[in-house]
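Reader: I am new to this structure and would like to know how its terms are applied.

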Amino acid sequence: MRRLKILEYAISSLWRRRYKNLSIIVVFSFTIAVLASILLLTHSLRVEATHILQDAPDVVVQRLVAGRHDLIPTDLVESFKEIPGVGEVRPRFWGYYYDAISGANYTLIGLDEGAPPDLELLEGSLPASAGACAVGSGVSRSRQVAIGDELILVDSRNIGVAFDVVGVFRSESDILTNDLVVFRSLDLVEFFGLPEDRATDISVQVFNENEVATVAAKIKRKHPETRPITKSEIVRTYDAVFNWRSGMMLTVFFSALIAFCILAWDKATGISADEKMEVGILKAIGWGTSDILELKFWEGFVISVTSFLVGQILAFVHVFVFGASFLAPVIKGWSVLFPDFRFVPYLDLYHIFVMGFLTVIPYVASTIIPSWKTAITDPEEVMRT
Amino acid sequence: MNSSTRALILTEGVTKVYNPRRPDEVVAVDGVSMHVKRGEVVVLKGPSGSGKTSLLSLLGCMSRPTAGRIVVDGRDVAKLAEGVLTRVRRQEFGFIFQQYHLIPDLSVVENVLLPLYPTGMRFSAMEERAEKVLSKLELEGKRRRKVRRLSGGEQQRVAVARALINEPEIIVADEPTAHLDRRLSEELLHILEDLNRDGKTIIIATHDPLVYEHPLVGRVFSMRDGRIGAEDGS
C-alpha cells in the first residue's frame, strides 16, 4: 500500500510538471526510436541475407579481367565437374538493368530450362517459353504490371522488347526477389547481347560442406583467372557491410544519446528550487530519505520507461510498417533498389534488454543521485536554502 | 521527580552552527537548555534572526544539533538513526510553517493526506481521518479545491489540518500569524486553543504580541543572538 501511494504521488508529481516532462519524453523517445530503428533494420537485413543465402550455391565462380568481374567461358563447367567432390555445376546468366521509367535498378536473371527453380515464392508460373518473364513484387508495383500484362524493357541495342508477365513473386519480405525479373536464359542472353559461349558466372555445388573451401582453392589453382566465392564468404561480407553501416549510424546516434544523458543529468543535478522545497516539505512532514528516493525512482522510471516503450513502438512501426523509410537508404546502401521494401516483424529480447539497460538505468540514476543529495540533508536546511 | 524527567522535550546546551569552519559560519542557537512539558503551550519570541526558527527546527527534529542534547519523550534525538528520527517526526510532531509550505497544485485533501503516504495506511482509513480533520477546521466544502486558489487564512487552516492528520502529540508552529490579519490570527489561536484542550503540546515561534500575550500560552522564552534569555512565565 505504501509503495502504491508513493507511486501515485510520483505520477501526480509528474503530471504537475507535465510540460517539462512531456518535452523530455518526446526527445528521449525520438532518440531511442532512432537507435532501435538502426538495430531492428540491421538485424532484419542480416536475417534476410542469411535466409537468401541458405539457397545460394556453395561456390560461385567469377572470371576476373584486370581485377574486374568479366564474363566467364561456359566450357569451364566441364573442367569444374572433374574436381573430386563437386556436384552440380551450372552457368548463370544475370545482369542489372536501370529502368529510367521508375528510376530503379532491376536484377535480371536467366533461368535454365532444365534447372530446378530456387525461387519458390511465386504466383503464376516461371517463364517456360520465349518472351515470358516473372517479376518481383517491387517491379510489379513500380511498373504497375501483373500476370497477363506486358513488361517492356530496352535491350542492349536500345530496342524496346515486350515480355509477357506470367508470374509475380509474392515476396514482401525477400530481398532477392523484390527487384527481380526472371527470363529463360536464352532470352536473357539475347537481351543483353551476351556471346553464346559466355555466362555471367558459374555456380558449383559441393557434396560435403566441409570441403567447400578445398574445392574453391582447387578451382583457383586450376584456373587462376577465376575468383571462387564461397557461401560463407558472402555471409561474412553481408555481416561486415551491415555491421559497418549500422556501426556508423549507432556511433552517431549514441553520441546523441550521450548528449541527451548529459542534458538529463544537468536537469537533474540542477534540481529546481521548487523541487528542493518540495523534498524539504515532504521530509519535514514525515517522509524518510528512502521514501523520497523511492518517489524520485518512480518519477525517473515512469519517464524513462514511457520514453523507452514509445521509442521502441515508433521504431517497430518505422521499420516494419513504413519500411524504415528514413534509415533504409543509409543502411542498405547504393547498389540495390528496394521499392517499397518490407521486413518481417520480429522482436529480439536481447536488443530490447540492451536498449533498456542503456537508456532506462542511466536516466533513473541521473534522477535519483542528485535527489539523494537533497534527501539526506536535514529538511530544515533544505527549506532554508 | 524533577522537571527534566517530567519533560516531553528536554534540551541541554544545544548549539546549532550553520556552515561550520567557513567564513560564513553562523551560530544560530547557542547553548540552549530548556524543557517543554506535556500538554503545555510554549512560545519562543524574539526579533528576526534571533534563532527562534532554528531552535524550533531542533525541537521538532527537523535538524540535528551541532552540540548538546535533545531528548524527545525519553529518546536522545542525536543518537537516533535517520529512519527512526523520521518516524519520530512523523508520529510525534505536526508542523505549521510560516509560509504554509503547501504544494500549491495539489488539492486541499491531497495536501492534508501527504504525511500519511509513507505510513502504508489503507486508503479508506486515510480518507476517514482526512474527513475528521477537515471537518474540525471547516474545510469539508473545499476538499477538492487546489490550494493555490484558497485565501491566506484558508491555506493556513489547510496547513493546520496537515499538521493534525497524523494525530501528533506535539504541534510546532513557526510564525503562524505572520501572514494573517488580526481576525484570522485570532481564529488560528482559537484553533490552537482547541487543540491544546485536546491535550496537544504546542510550541510556537513568534514575534507577534497577539500570540505570546494570549492566555493560551503557558511559558514564553525570549531569544536573542541564539540564546534564551529570561523566561517570561505567565
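Author: Some questions and answers on the terms follow. This is a predicted model, in which local features need pLDDT of at least 70 and side-chain atom pairs count only at pLDDT 80 or more, while totals for chains, interfaces and linings use all residues. Residues are numbered from 1 along each chain as its sequence is written, chains are lettered from A and ligands numbered from 1 in the order in which they are written, and side-chain values use heavy atoms, with hydrogens and water left out.

Reader: Why is A:Ser79 called buried?

Author: Buried means under 20% relative accessible area, exposed over 50%, and partly exposed in between (1.4 Å probe, protein chains only). A:Ser79 has 13% relative accessibility, so A:Ser79 counts as buried.

Reader: Is B:Asn19 buried, partly exposed or exposed, and why?

Author: The relative accessible area of B:Asn19 is 29%, so B:Asn19 is partly exposed. Its phi is near 50°, a positive value in a residue other than glycine.

Reader: What makes B:His101 buried?

Author: B:His101 is buried because its relative accessible area is 14%. Phi of B:His101 is also near 50°.

Reader: What makes A:Lys283 and B:Glu82 a salt bridge?

Author: A salt bridge is a side-chain nitrogen of Lys or Arg within 4 Å of a carboxyl oxygen of Asp or Glu. The closest N and O atoms of A:Lys283 and B:Glu82 are 3.1 Å apart, so the pair forms a salt bridge. Between chain B and chain A the count is two salt bridges.
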